[in-house]
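Here are some notes on the model shown below. Please read them with the structure open.

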Amino acid sequence: MRIVLTGGGTGGHIYPALAIGKQVEEEEPGSQILYIGSPNGLESRIVPAHGIAFEPVEITGFRRKLSFENVKTIMRFLKGVQRSKQLLRNFKPDVVVGTGGYVCGPVIYAAAKLGIPTLIHEQNAVAGLTNQFLSRYADSVAVSFKEALTAFSKAKNTLYTGNPCATNVVSAGKEQGYSRLGVPAGSKVVLLVGGSRGAKAINDVMVDLAPQLLRLPDVHFVFVTGESYYEGTMGRLKAAVPSLPSNLQVLPYLHHMAEVLAVASLVVGRSGASSLAELTALGVPSILIPSPNVTNNHQEANARSLVDAGAAQMIIERELNGSLLFERIAHIMNSMEEQQSMSAAARTLGMPESAAIIVNELKKITAG
């Protein structure tokens with residue numbers, strides 16, 4: 001299979017695309033993959049690091065208010081369509097897959113105009129504007145959350161697939177997870193993480209929370225600050241607690257996230273779509289603190305999906321404080337019944353076969 005992947009701006013768009021590409025290579029060895037993205041987006045660095053050919057297309061998003069800049073954006077879109085058509089004619093893909101972000105616009109639109117089969121994947125419970133626009137041209141629209149299906153009522157074909165990032169974590173070994181953390185097998189582990197770059201609000205609340213951690217001496221806390229926040233957060237932690245609790249491990253970044261998730265009893269973090277896909281695939285209970293700084297407040301909608309199912313608890317950022325968070329953590333960690341109930345609920349939402357479902361759909365639309 002010859003496949004073009006496109007999606008960018010955030011890891012939430014990039015990693016699902018890479019997971020689909022990985023599944024294609026596993027099912028059809030010898031497949032050729034080209035990734036089209038923004039030259040200034042994260043994808044320009046992440047994709048080549050995965051050994052996948054990358055081609056750039058210049059594009060920016062529309063401003064939500066009337067602006068002359070939107071006229072420039074339309075011109076960039078039209079130029080992006082021409083550039084995309086050139087790349088597609090040269091590569092001759094069997095199918096084009098878009099996973100969101102502005103760069104998907106010209107690429108998917110160009111593919112549709114050239115008669116190349118297309119699929120777009122929506123990660124969030126609240127559909128993005130780019131995917132809503134593209135849904136009228138795509139052959140199939142796949143969604144991670146059932147709630148998003150209503151946004152694509154005019155699409156040719158929709159299907160609930162879950163998020164392909166879930167497929168990447170199900171093979172993670174617990175033995176390696178405990179080893180990575182340097183703790184005995186079977187330890188109770190609470191992971192606190194604000195995404196790959198960290199989250200200031202979570203880092204701030206951890207400074208308040210740290211003095212209370214020794215009240216749960218049998219729990220090992222792993223706190224990931226994000227690399228840019230590490231030095232500052234460590235300084236504040238040491239000022240608040242000169243001798244850090246022995247059951248607290250502070251890291252700037254976690255390179256083996258899947259393995260640590262596999263041993264986590266509880267995760268405290270944001271509610272990005274890819275993260276939730278991983279949690280539900282593994283059946284990990286969570287306390288979710290949605291980022292308020294995202295389009296359409298989609299992280300809160302993502303979190304609500306898990307909360308309504310009984311798989312997670314949610315704390316709105318403006319209500320977050322150390323005492324409340326510790327109370328929630330202690331309640332869950334002191335109740336095996338609560339942990340088991342949340343874990344079971346999470347697994348009902350998990351779709352570890354997501355990438356395979358999407359690749360099967362790609363085979364259908366390319367077969368005509």
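1. Gln299 touches Arg270, Ser271, Gly272, Pro290, Ser291 and Val294, with residues up to four places away in sequence not counted; contact means heavy atoms within 4.5 Å. Gln299 belongs to helix α12 (residues 298-309), where helices are DSSP runs of H or I with at least four residues and strands are runs of E with at least two, numbered from the N terminus. Gln299 counts as buried because its relative accessibility is 9%; buried means under 20% relative accessible area, exposed over 50%, and partly exposed in between (1.4 Å probe, protein chains only).

2. On the basis of these values: this is a predicted model, in which local features need pLDDT of at least 70 and side-chain atom pairs count only at pLDDT 80 or more, while totals for chains, interfaces and linings use all residues. Residues are numbered from 1 along each chain as its sequence is written, and side-chain values use heavy atoms, leaving out hydrogens and water.

3. The unreviewed UniProt entry annotates a "binding site" that covers Thr10, Gly11, Gly12, Asn124, Ser196 and Gln299; positions are in the numbering used here, feature names are shortened, and annotations may be inferred rather than shown by experiment. Thr10 lies in the loop between β1 (2-6) and α1, and is partly exposed, at 40% relative accessible area.

4. Gln23 sits in helix α1 (residues 11-27). Gln23 is buried, at 12% relative accessibility. Leaving out residues up to four places away in sequence, Gln23 touches Thr167, Ala355, Ala356 and Val359.
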